[in-house]
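This report concerns the packing of helices. Two packed helices are described by the angle between their axes and the distance between the axes.

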Amino acid sequence: KVELENNVKRFRKQIALPVEINNNLGKLLGYIASEGHSYIDEDNGYAEIGISNTDEKILEDMEKVYSESFSVALNRNVRLAAKTERATKDLTTIRCTSLSLYEFYEKNFSEILDKAPDKRAPNKLKSAPVDVIKKFLSAAFSGDGFVDSNRFGYSTASYKLACDYQDMLLQLGIYSYITTEKSAQNKVVISGTENMMAFLELVEQYDKRVGKINRIIEASGNR
């Protein structure tokens with residue numbers, strides 16, 4: 001059990017701050033590590049933590065674990081593809097505006113409040129129960145996951161976060177390797193048929209890439 005520091009200033013917004021990391025919070029941390037943003041303007045007394053995606057199934061799960069983790073009202077905003085250059089899908093952001101929440105994250109999970117190239121998995125998460133780590137990795141794959149013609153895993157702008165993904169996968173007995181692409185994206189590639197099969201258990205069944213992952217695993221086993 002990993003206890004959390006929830007002694008923060010309380011403002012007008014009603015919010016319940018958890019005292020330990022549970023599965024819902026582990027999953028939420030995975031979404032924030034991969035698809036999240038944070039912002040604070042202390043002069044104007046404003047702060048927000050949000051997560052974004054284009055897939056409605058993933059958005060529904062994001063909203064569920066976010067609201068259940070903090071018992072708080074959330075805002076949904078949609079950026080239409082038709083009004084965004086080069087976008088092909090509407091982008092929805094789910095956010096909570098709360099100085100108390102931001103301070104809670106600063107005290108417990110400051111590593112994921114950094115900009116994308118500097119993000120890390122929170123230290124407190126790394127010592128959480130295995131089921132919580134599984135939830136984190138599952139949600140992170142929904143956001144940072146990649147599937148190409150013969151590989152799958154995580155893709156992130158942060159090399160340190162890539163190393164964290166690799167270390168946590170190893171805690172589950174899943175082996176991977178890291179490669180840095182020309183685009184400066186760091187890919188954590190699942191290595192070997194048995195490891196691929198073990199990783200598939202982390203992937204949500206509603207993930208549209210499950211079929212392709214199964215085909216890659218089948219091809220890997222036939223080599």
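Is the crossing of H1 and H5 left-handed or right-handed? The crossing of H1 and H5 is right-handed, a crossing being right-handed if the near helix is turned clockwise from the far one by less than a right angle and left-handed if anticlockwise. The model is predicted, with pLDDT of at least 70 required for local features and 80 or more for side-chain atom pairs, while totals for chains, interfaces and linings use all residues. Residues are numbered from 1 along each chain as its sequence is written, and side-chain values use heavy atoms, without hydrogens and water.

Helices are DSSP runs (H or I, at least four residues) numbered from the N terminus; axes are lines fitted to C-alpha atoms over the stretch in contact, with angles from 0 to 180 degrees between N-to-C directions.

| Pair | Axis distance | Angle |
|---|---|---|
| H1 (residues 23-35) and H5 (residues 130-144) | 7 Å | about 30 degrees |
| H7 (residues 193-200) and H8 (residues 210-221) | within 9 Å | roughly 160 degrees |

H7 is therefore roughly antiparallel (over 145 degrees) to H8, and their crossing is left-handed. In contact (heavy atoms within 4.5 Å), Thr193, Met196, Met197 and Leu200 of H7 meet H8 residues including Ile213, Ile216 and Ile217. The residues of this contact comprise 6 nonpolar, 4 polar and no charged, where Ala, Val, Leu, Ile, Met, Phe, Trp, Tyr, Cys and Pro count as nonpolar, Asp, Glu, Lys and Arg as charged, and the others as polar.

H1 and H5 are therefore roughly parallel (under 35 degrees). Their contact involves, among others, Lys27 and Tyr31 of H1 and Asp131 and Phe136 of H5. The residues of the contact of H1 with H5 divide into 7 nonpolar, 7 polar and 5 charged.

Technical notes
Helix = DSSP H or I, 4+ residues; strand = E, 2+ residues; numbered from the N terminus. Parallel < 35°, antiparallel > 145°, perpendicular 65-115°, else oblique.
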